[in-house]
Each structure stands twice: as C-alpha cells, then as structure tokens.
Amino acid sequence: MNNDRTIELWRVPGPYIFSQPSKNFYTMSFNGTTVTADYQPTAIESLWLSLFEGRNAAVVLATLTFVSHQLFYYGRYLPFWIAEHIPAFDKYRIQPNKPVTDEQRWKCLKGVLIQNHFIQLPMILAFHPGTQLLGMKILDPFPSLLQICIQVFWFFLFEDFYHYWAHRLFHWGFFYKNIHKVHHEFTAPFGLAAEYAHPAETLLLAMGTFGGPLIWILCTGDLHVITVLIWMASRLIQAVDSHSGYDFPWSMRHWCPIWSGADHHDYHHQFFVNNYASSFRFWDHLFGTDTKYKSYRKKQAAEKAKLAKKIE
C-alpha cells in the first residue's frame, strides 16, 4: 500500500470468476484504477458488485444488457399500449383516423422479438469482449452524475448526426426498396414499431448507438459500463416515444424545443419525407429537410384555429 493510502485494483485476465468478498472495490476489479484502501461503495455500487461476485462477468453483463433492453423497450411502450385502449386519449393521437389494431400489434411484436433474439442478442454477447478490448470500466467506482450526463449527451449528439445521414441514405433508391421499406410499413407508427426493421437496418443504425461510446473511450480512455447501459436505456425510451403516435401536452418537445418527439417523426412515417434525425430537430433545420413538415403543421394549426373560431 502506498503512503497516500491508495491501492491498485487487480488486473484479472478473462473470463472472470470471482469468489472473494466484495467489501471494497479493490477486491474485485481489473482496470488498474486506484482508490483509497478504506473506500466504501455506495448501496447501488455494492448491489452492482454483488451481481458479478462468484459469477462469469461475460454472462452477467450480457444478461444485464439483454434484460434491461427488454424492460425499457417494452416497459416504455406499456403506457402507450394502455392509451391505445382508452378513447379519451384519442385527442392526443397525431393521426387519430388510423387507430392501432391487434393485427398490427401482433405482426410487429413477432418481428421485434425476432430482432431481439437473432440480431440484437448476438451483438449483446459481443459487448463484454468489446469492453475488455477497449479497457472499459466494469467493477470500478461509478462515475459522478455530472460525468454520466455529459457523456450521455455526447452519445445523443453523435447518434443523432449519424442517424440523420444513415436515414437519408435509407431513403435512396435501392436502400429504401430493399431495406428501409420494412420500417415504413406502419404509416401511423406506434411505440412497439420503433425496432421493427430489416436486419441490415438494425445493424447499420446500431453503429450510431455504439459509435459515441467508442469514440469517447478511444479519446479519453475513461468510460464505465454503467454509463453505456444508461445511454442505451435512454435511447430506447426516446425511440419508443418518437414512434408512439401521441403528442401529449406534457411531451418533452413542448418544453425542450430542440427535441424531436413523436410530432416530428410521425410526419416522416405519414409522408415518407423530411425529418430524418432521431432525437433532435436542428439537423433537419440546418440542412433544410423539414420545410414540408413545417408547412404541413402550420396549415394544420391554421385549420384548427379556423374551426375553433367557427365553434365560438
């Protein structure tokens, strides 16, 4: 132990099986991080460590990633599924003349489950080897909330820029006809349809999701797996929300003007043009690919105001 009471955390070659007690971080780690010898993990850090103790880290991380994906994806859709069965919420439906049918839900669910198990699961199984190759932290102290927010915001920015250009490519001739057309099967989207797509599209767009973390760790050498899991959960919530088909008064886009939301993406599904970005509005504004959308919404607002005036 050094005079400043720090101790280097263990480096352990994988695969990893832990059997020692995890009272402190230095008993279970392999990234060479240093902490004080008497450092005590927080409650959530202790819970995190306990998940890995005595188990194969690759299996634990794959399980955590897959389960969290299912929970956040289907869990985020649940409120919208409930809303789809309550007529009182129809007034918030962006395309109220196109209700979601059970037939659509079942077809979409089968397609998404195939994606989950045969496309996304193999990628998830490669997550742990990837973390080790890049030196990503797994059993080190968690980053601060500020660090997590900064990193996740960068991931959103990168993914949005990448998605914008990849999405525009998907609307070009061959790529639309043979790949992207699958996702556009639902002209009035609903939350479950967020991941309903051709396998090639899923793989290509996944590069945008993992590109941000990859660039960050290559440039800084400092990234914790917990941040990546939070980022993936945030991205899933955003994707389901933008495909929900609902624009509620409390939706994020009403208090965050740069956020796209369902109002922005629903137009793209309805007319197959404009609004190519995933999370934000500024790329479409900057590159002039939202002019038709703005004109259409302006016309809708004028018609609504005219109707309200007649009623008065």
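Two residues are in contact here when heavy atoms of each lie within 4.5 Å. By that criterion, Asp-263, His-264, Tyr-267, Gln-270 and Phe-271 of helix α9 meet Lys-292, Tyr-293, Tyr-296 and Arg-297 of helix α11. The model is a predicted one. Its chain of 312 residues has 47% of them buried, and the secondary structure comprises 11 helices and two strands.

**Overall architecture**

- Read from the N terminus, the order of elements is β-β-α-α-α-α-α-α-α-α-α-α-α.
- Among contacts in the chain with a separation of 6 or more, 69% link residues 24 or more positions apart.

**Packing of α9 against α11**

- The axes of α9 and α11, the latter spanning residues 291–311, are 11 Å apart and form an angle of about 100°.
- Because angles from 65 to 115 degrees count as roughly perpendicular, α9 is described as roughly perpendicular to α11.
- The residues of this contact comprise four nonpolar, two polar and three charged.

- His-268 belongs to helix α9, which covers residues 261–271.
- With a relative accessible area of 0%, His-268 is buried, because the term applies to values under 20%.
- The side chain of His-268 makes a polar contact of 2.8 Å with the side chain of His-171.
- A polar contact of 3.0 Å also joins the side chains of His-268 and His-184.
- Beyond its neighbours within four places in sequence, His-268 is in contact with His-167, His-171, His-180, His-184, Val-273, Asn-274, Asn-275 and Tyr-276.

- Asn-274, one of the residues in contact with His-268, is found in the loop between α9 and α10, where α10 covers residues 282–286.
- Asn-274 has a positive phi of about 60°, although it is not a glycine.
- The relative accessibility of Asn-274 is 7%, so this residue counts as buried.
- Asn-275 is also placed in the loop between α9 and α10, and His-268 is in contact with it as well.
- For Asn-275, phi is positive at about 55°, although this residue is not a glycine.
- Asn-275 is buried, its relative accessible area being 0%.

**Nonpolar cores**

- In soluble globular proteins, nonpolar side chains tend to be buried together.
- The largest nonpolar core in this model contains 26 residues, and Trp-48, Phe-52, Phe-127, Ile-138 and Val-225 have the most contacts inside it.
- At least two residues of this core come from each of α1 (43–52), α2 (57–83), α5 (145–170) and α8 (225–242).
- Helix α8 supplies the largest share of this core, with six residues.
- Apart from this core lies another, of 18 residues, which includes Val-100, Phe-190, Ala-193 and Tyr-246.

**Val-225 and His-128**

- Leaving aside neighbours within four places in sequence, Val-225 is in contact with Trp-48, Leu-61, Phe-127, Thr-131, Met-136, Lys-137 and Ile-138.
- His-128 is located in helix α4, which covers residues 127–134.
- The relative accessible area of His-128 is 7%, so His-128 is buried.
- His-128 and Val-225 are separated by 97 residues in sequence, while their C-alpha atoms are 9.4 Å apart in space.

How values were computed. Residues numbered from 1 in each chain as written. Predicted model: local features only at pLDDT ≥ 70, side-chain atom pairs only at ≥ 80, totals over all residues. Heavy atoms only, no water. Helix = DSSP H or I, 4+ residues; strand = E, 2+ residues; numbered from the N terminus. Buried < 20%, exposed > 50% of the residue type's maximum accessible area, 1.4 Å probe, protein only. Polar contact = N/O pair within 3.5 Å; in protein donor to acceptor, adjacent residues only side chain to side chain. Core = buried A, V, L, I, M, F, W, Y, C linked by side-chain atoms within 4.5 Å. Axes fitted to C-alpha atoms, helices over the stretch in contact; angles between N-to-C directions. Parallel < 35°, antiparallel > 145°, perpendicular 65-115°, else oblique. Nonpolar A, V, L, I, M, F, W, Y, C, P; charged D, E, K, R; others polar.
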